[in-house]
Each structure stands twice: as C-alpha cells, then as structure tokens.
Amino acid sequence: MSTDLLLIYPPVARPAEPPIGIAQIKSAFNHHNLSCSIIDANLEGLRYVIKHCPSPQSSDLQFAFRFREQHQRSIRSPHTCAVYDAYKRAVLELNRILQASGARYNASISFTDYKQLDYRPTESSHLLQAAAKARNNPFYSYFKTSLKHKIENQQPLMIGFSLIYLSQAVTTFALIGLVREWFPGVKIVLGGGLLTSWMSQPGWRNPFSGLVDECVAGCGENGLLPLFQKTRDSKIFCRPDYSDVKSAHYFSPGRILPYTTSSGCYWRRCRFCPEHVEQNRYQQKQHQQITEDFAYYHRSRIDLVHFTDNALPASMLRHLIAEPPPAPWYGYVRFIDELLDIDFCRALARSGCIMLQLGLESAAQEVLDAMCKGIQIEHVSLILKNLNDVGIFTFIYLLFGTPWEDEHRAKKTLDFVVSHSNWIQYINPAIFNLPVNSLDVQNLVTRPFYPGDLSLYHDFDHPKGWHRSRVRHFVQKEFRVHSTIKKIMAKHPPLFSSAHAPFFHPFFPADRGKL
Ligand code: SF4
C-alpha cells in the first residue's frame with residue numbers, strides 16, 4: 001500500500017533526539033486520516049558512515065576505528081556521564097571517524113556540521129550542482145543501499161524534506177537530486193526552518209523550481225495539508241508522533257522526548273532575534289492537551305523531556321509545576337520575575353526541572369535595554385543564586401559584538417560571569433551575526449557576510465569601532481582563556497552541548513537504577 005506522505009530529515013544535524021517538526025506533521029496527517037511516515041536519514045546516515053568507514057591508514061585513527069562500536073554504546077549509556085573524560089573521548093573519537101570519512105569526498109562531516117569543497121550552502125547554484133552530482137556526496141552509499149529501498153517499500157505519493165540547518169543544505173539537495181532520478185513520478189516538497197528563513201527574505205525568488213515541486217514556508221502542517229485538500233485547524237496542536245523512530249539509537253545517554261508547548265515567542269521583542277523581525281504569531285497549546293500528551297507519553301520509556309519552545313512563559317511553568325512532565329526536563333526561559341522567588345524555583349525543581357537555558361546575551365544594563373531583552377541585571381544575580389540553591393543547572397547564552405556593545409561593556413559581561421561562576425554550570429559565548437532583514441540594517445554600513453544569494457547575515461561596520469575581528473580576538477584571547485571561564489568551558493559537552501548537558505545533572509547518577 002502506498003503512503004500519502006513520506007518525510008525525510010537529511011544529514012547533518014545533531015543526532016541526539018528525534019526531529020520534532022516532522023513528527024508533528026505526521027501526527028497532523030494521521031489526524032486527517034492521511035498516511036504519513038518519517039525517516040530520520042540524519043541519524044541513519046551518520047551511523048552508516050561510521051559503520052562503513054574504511055580502515056584508516058594513519059595509526060592515530062586506528063584506535064578510534066577499532067572501538068567505534070564501543071564508543072557508540074558508551075555515548076548511549078547513562079553510566080558514561082559519570083566519567084566525563086570517557087564520555088568526551090567517545091564523542092571526539094567518533095567525530096574523528098566522521099571527519100575521516102568525509103575527507104575522501106573533500107567534505108568535512110562532524111556531529112554538528114557539514115562542509116564540502118565547491119558547494120556553498122548559501123549559494124543556490126551550488127545546491128543545484130550538489131543535486132546534479134549527488135554521487136559525490138559522502139552519504140551516497142547510504143542513500144543507495146538503504147534509504148532507496150525504504151522509499152521503494154513505502155511507495156509515497158509525495159516526499160517532504162525537512163531543511164532546518166545550513167549543515168543539512170548540501171546533502172538535502174544531493175538527496176533531492178537522487179529522488180528525482182530514482183522516483184521521477186513522486187512529488188517533492190521542501191520545507192523547514194532554513195527554507196522558511198530564505199523565503200522570508202525580501203525579494204525571494206524560488207531558484208529551485210526546476211527541481212522541487214513545492215516550497216513550504218512556516219508551519220509544515222499548514223503548507224502540506226492543503227496539498228491533500230485538507231486544512232489544519234489552527235487551534236489544534238497535534239502530539240508529536242515518534243512511533244517510526246521509537247527503536248532508533250540516538251547518540252544520547254538517555255531517551256529524549258522533544259516536546260513543544262507553543263509556536264513563536266511570547267516576548268518577541270529582542271532586537272537581534274528573527275522572532276522580533278518576522279513577528280511570527282505566538283500560539284500556545286491548551287494546558288488540558290499538554291496534560292493528556294504527558295499521560296500518553298508516560299506509557300513509553302523517556303529519560304528526559306526537552307521543551308523546544310523559544311521561551312516557556314511563567315503561566316506554562318506554573319502548569320508544569322501543577323502537572324509535571326513524565327521525566328526530568330529542561331528548556332528555555334527568560335529571566336522572569338517569578339524566578340526571583342525561591343519557593344517558585346523550588347517547586348520547579350520538584351516538577352523535574354533539572355536545567356534551564358537562559359539568554360542573558362550581555363551583563364551591561366545599557367546593552368540589555370538597547371536590545372529590548374527586558375532583563376534587569378541585578379535580578380539575574382538573584383535568579384542564578386536561586387536556581388543554584390534548588391539544584392537547577394543553568395545554561396547561559398552570551399552574545400558579543402552586537403551594535404550596542406563596545407569593549408568596555410563586553411568586559412562587564414566577562415566580570416559578571418566570573419563573579420557568578422559558582423552559580424553557572426554552562427555558558428555558550430557566541431559572536432553576533434546581523435540578520436539581513438534586521439530592522440537595524442538601515443542604520444548600519446553593511447556588506448555581505450559570505451557570498452551567495454541565500455546568505456542570511458550581513459557583516460557591518462560597528463558604530464563603536466567594536467569590529468568583528470576585535471570581538472573575535474576578545475572572545476578567544478580574553479574571555480575563553482580566563483581561568484574561571486576555562487573551568488566552566490572544560491565541562492561543556494563537546495559538539496552535543498545543551499543536548500547532553502542535562503545528563504551531567506546529579507539526578508542521573510542518583511537514579512541510575514531507573515535508567
Ligand atoms: S526571548 Fe528568545 S526567542 Fe523570544 S524574542 Fe527574545 S531571543 Fe527571541
């Protein structure tokens with residue numbers, strides 16, 4: 001029997017958990033009595049490449065090669081996190097195998113990135129070339145020997161590709177090229193976050209029309225259901241359906257359930273953020289539905305719930321306190337006033353919250369005000385202390401080089417992190433990229449960041465002379481090398497970052513028996 005829609009998640013993206021977007025679309029299709037299945041070609045492709053990597057010539061790679069199966073088992077074992085060095089070695093050794101496998105194709109593969117000589121993911125002509133010369137792709141062998149047969153068995157009427165990250169672009173197009181060749185009668189649809197960003201650029205003209213039948217921006221269900229003469233009821237959020245990947249071996253020390261309670265961002269004011277520029281509508285799931293979803297998921301083995309919301313508002317945190325998720329959980333929140341209350345934080349911890357991701361960006365109040373973060377820096381101090389006191393890990397995001405910062409203010413951020421280091425478990429320092437559709441573009445002198453008609457960022461002359469090269473120098477040579485920051489960064493899970501960070505929370509060793 002044929003499938004109405006087959007959804008494919010192409011390599012390369014961090015393979016720690018199942019992709020939520022296509023699992024939601026599957027659920028929406030089933031809700032409308034349409035058949036839909038999903039294939040995580042990212043996970044399958046990476047596992048295939050590791051398994052079939054030819055024996056390396058260089059002796060220093062022999063060890064990684066010989067123990068590659070063991071390393072994969074280690075990453076999936078909850079016990080690995082008890083010994084950070086063993087965990088780190090397993091991740092980095094496997095990553096070296098990926099890199100060595102890609103090198104034969106002039107490609108650089110890692111758990112989080114993909115680059116290939118001659119194919120720039122920000123250049124539509126390069127992506128079309130990748131489709132035309134798909135046999136040059138390091139995942140070609142997996143596509144031909146495994147994925148092709150799965151598609152044949154399903155006989156889909158339509159195949160949808162979920163393109164979320166730039167690191168997926170080249171291989172997505174290589175795979176589209178092959179599907180076009182192998183299954184000429186099947187309709188091809190392209191969607192996902194990256195495509196949505198491309199399509200929301202002013203002056204977007206579809207360069208893929210000869211290869212792809214439909215490009216779908218925004219919420220996948222909204223774009224795909226009408227292709228089957230159905231309409232999504234915007235009030236209904238379907239429960240992500242992971243049944244097609246329930247026995248997949250993700251690279252994680254426990255089973256992660258990605259779940260979202262909303263779409264968009266309720267705050268939507270931070271000036272550097274696409275949510276602000278695009279003004280996407282904020283929608284929240286009914287609390288009753290969340291309770292029902294959790295009851296459903298309680299039946300399966302889940303070790304960690306990952307809330308993928310842009311930011312969980314206070315009302316949702318209250319709901320999670322009243323109706324806790326089926327396993328320990330983590331997600332993004334803002335530095336909201338409720339977190340100033342230690343009893344509220346305690347209740348959050350009791351609900352199973354083991355880590356919160358918080359976007360601080362800067363510790364200079366004038367920068368926070370200019371970027372409309374809605375944060376009082378003196379509140380941040382108390383919130384970090386409260387969360388630490390109740391045993392909730394904090395994962396803090398910093399952004400250097402915004403148009404409102406200068407070196408003096410960047411140093412304020414460094415000082416703040418150092419003086420609060422006892423209450424911070426993880427930090428992620430990033431360098432600001434100016435989105436091409438940012439409202440600030442008109443006030444700045446800009447130039448293309450990298451060549452290509454699909455580039456999403458501008459380089460710019462910093463109004464305070466705090467240019468990118470100086471910012472990079474500061475982050476590399478002052479921030480990261482500070483002895484206190486180094487100590488925090490040394491605990492950072494390599495490559496998998498926040499996806500694995502919660503597994504180092506004391507909850508897991510204490511509860512090993514359950515896992
Ligand atoms: S809270 Fe996060 S998602 Fe929302 S506007 Fe700010 S940066 Fe963007």
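Predicted model: local features only at pLDDT ≥ 70, side-chain atom pairs only at ≥ 80, totals over all residues.
Me: Into which domains is the protein chain divided, and how many Å separate their centres?
Reply: The protein chain is divided into domain 1, covering 3–228, and domain 2, covering 254–504. Taken over C-alpha atoms, the centres of domain 1 and domain 2 are separated by 26 Å.

Me: How many residues does the contact take from domain 1, and how many from domain 2?
Reply: With contact counted for heavy atoms within 4.5 Å, the two sides can be given separately. Domain 2 supplies 30 residues to the contact, and the number taken from domain 1 is 33.

Me: What area is buried between domain 1 and domain 2, and which residues of domain 1 lose the most area to domain 2?
Reply: The area buried between the two domains is about 2,600 Å², and carbon and sulfur atoms give 64% of that area. On the side of domain 1, 22% of what is buried comes together from the three residues that lose the most area to domain 2, namely Glu17, Tyr84 and Thr122.

Me: How many salt bridges and how many residue pairs in polar contact are found between domain 1 and domain 2?
Reply: The count of salt bridges between domain 1 and domain 2 is 0. For polar contacts, where both residues must be at pLDDT 80 or more, the number of residue pairs across the interface is 9.

Me: Which helix gives the most to the side of domain 1 that touches domain 2?
Reply: Helices H1 (20–31), H5 (84–103), H6 (124–132) and H9 (193–199) each supply at least two residues of that side. With 6 residues, the helix that gives the most is H5.

Terms used: Residues numbered from 1 in each chain as written. Heavy atoms only, no water. Domains from an automatic or database assignment. Buried area = accessible area lost by both parts, 1.4 Å probe. Salt bridge = Lys/Arg side-chain N within 4 Å of Asp/Glu carboxyl O. Polar contact = N/O pair within 3.5 Å; in protein donor to acceptor, adjacent residues only side chain to side chain. Helix = DSSP H or I, 4+ residues; strand = E, 2+ residues; numbered from the N terminus.
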